[in-house]
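Let's take a walk through this model together, starting with its aromatic rings and ending at a charged side chain.

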Amino acid sequence: MAPSLLYPAAEHLPTGADREPALKEVLDWADRAAATSTADALLAFFGQPLDPRTLRLTGLHHVAVYLGDYRAEEEYEAWLETVRARPGLGRVSAGPSHIAPRVHGTPGHWINLTTEHGTEVEFFTCRAYGAWAEEPPERKRALMSHLGLSVDTPDHVRRVLDYLAGFDGVEVLAYAPEDELGHTYGHLLRTDTDRVLELVHAGRVQA
């Protein structure tokens, strides 16, 4: 993805009085990023134009943002409480990351929400631990921040992933038939840039 589609997160999760302004800034950024068209998202990731209709992609599903590493669970818990307390956000949910320990060797968390403008956003943060803690911040942002594109049916997610992984320098990073939110999703990795693109079918709708 183009650098403009990566949120310029700090190295570590904002703490204390920094959380409120940081949250406003990242929500505003996510709403702006949500204006990216599916065709432009594909072009930014692959470096060549691809037809969303041929791939059965129906639009932008969510904006994923890396918030920086946390050094203790209390930092993540305080951030989650700040998110939950902010007026105007909808359907806030959270859980442990499955990809972070499996792919990056460190624990992590996700927070899913809808902004007051209707943008679905996923926040990610990983523990500053092991080899992950030594990675440059720009690589962490590239590996974790991304756009999620909607696929029309759940069974087609895997087919599109496998097809696009046939491009040079592209591989499937992860695939999950259904997560806690009912999403069937997978991540593609550009091995030369460390950029990620997600394909997702939303599944059941949250109450």
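Are Tyr70 and Tyr76 buried or exposed? Both are buried, where buried means under 20% relative accessible area, exposed over 50% and partly exposed in between (1.4 Å probe, protein chains only). Before going on, please note that this is a predicted model, in which local features need pLDDT of at least 70 and side-chain atom pairs count only at pLDDT 80 or more, while totals for chains, interfaces and linings use all residues. Residues are numbered from 1 along each chain as its sequence is written, and side-chain values use heavy atoms, with hydrogens and water left out.

The structure holds seven aromatic pairs. Rings of Phe, Tyr and Trp (its six-membered ring) pair if their centres lie within 6.5 Å; planes under 30 degrees apart count as stacked, over 60 as edge-to-face and the rest as tilted. The Tyr70 and Tyr76 pair is tilted, because the ring centres are 6.4 Å apart and the planes are at 45 degrees. Tyr163 and Phe167, with centres 5.9 Å apart and planes at 85 degrees, are therefore edge-to-face. Tyr163 is exposed, at a relative accessible area of 51%. Ring pairs also link Tyr163 and Phe167 with Phe45 and Phe46 into a cluster.

Now turn to Glu198, which is buried yet has no salt bridge (a side-chain nitrogen of Lys or Arg within 4 Å of a carboxyl oxygen of Asp or Glu). Its side chain does make polar contacts (N or O atoms within 3.5 Å, one able to donate a hydrogen and the other to accept it; residues adjacent in sequence count only if both atoms are side-chain atoms): one with the side chain of His146 at 2.8 Å, and one with that of His187 at 3.3 Å.

Terms used: Lys and Arg count as positive and Asp and Glu as negative; His and the chain ends are not counted.
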